[in-house]
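Hi,

Here is the structure I promised to pass on. Have a look at it first, and then read my notes below.

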Amino acid sequence: MVIERDGEKIGRLDVDDIEDRLHIVDISLTPAARGGGIGTAILGDLQRLAQDSGRAVSIFVEKQ
């Protein structure tokens, strides 16, 4: 999915909708879009969606 704000592309989100969980494959925001709470809001929405359907949220983070 493309993340947009006011019609401008500011990031991307890729989520695998698995039977027992939502697995975040990739989430990224442009540098200008970071630090404003957008990522936090997206993760919160995913957590609520998972909770409402009785599932968990998972993510694997690689530091490069």
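Predicted model: local features only at pLDDT ≥ 70, side-chain atom pairs only at ≥ 80, totals over all residues.

Going through the pairs in order:

- β1 and β2 run antiparallel and are joined by 4 bridges. Here Glu 4 stands opposite Lys 9 in β2.
- β2 and β3 are antiparallel too, with 8 bridges joining them. They form a hairpin, with 2 residues between the strands. Val 15 stands opposite Ile 24 in β3.
- β3 and β4 pair in the parallel sense, over 4 bridges. Ile 24 turns up again here, opposite Ile 59 in β4.

As a reminder, strands of a sheet pair through backbone hydrogen bonds, either parallel or antiparallel.

Now the helix. α1 covers residues 38–52, so to speak the whole stretch of 15 residues, and its first and last C-alpha atoms are 21 Å apart, close to the 21 Å expected at 1.5 Å a residue. Together, β3, α1 and β4 make a β-α-β unit, and that unit is right-handed.

Which residues of α1 are buried? They are Ile 38, Gly 39, Ile 42, Gly 44, Leu 46 and Ala 50. The cover over these buried residues includes β1 (2–5), β2 (8–18), β3 (21–29) and β4 (56–59). Just after α1 comes Gly 54, which takes a positive phi of about 70°.

Last, a residue from the loop between β1 and β2: Asp 6. Is Asp 6 buried or exposed? Asp 6 counts as exposed, because its relative accessibility is 81% and the cut-off for exposed is over 50%. Asp 6 and Val 25 are 19 residues apart along the chain, and their C-alpha atoms are separated by 25 Å.

If you open the model, I'd begin with Ile 24, given that it stands opposite Ile 59 in β4 and that Val 15 stands opposite Ile 24 as well.

Cheers

Technical notes: Residues numbered from 1 in each chain as written. Heavy atoms only, no water. Expected span 1.5 Å × (residues − 1). Buried < 20%, exposed > 50% of the residue type's maximum accessible area, 1.4 Å probe, protein only. Contact = heavy atoms within 4.5 Å. Pairing = 2+ DSSP bridges. Right-handed = clockwise from strand over helix to strand, strands pointing away.
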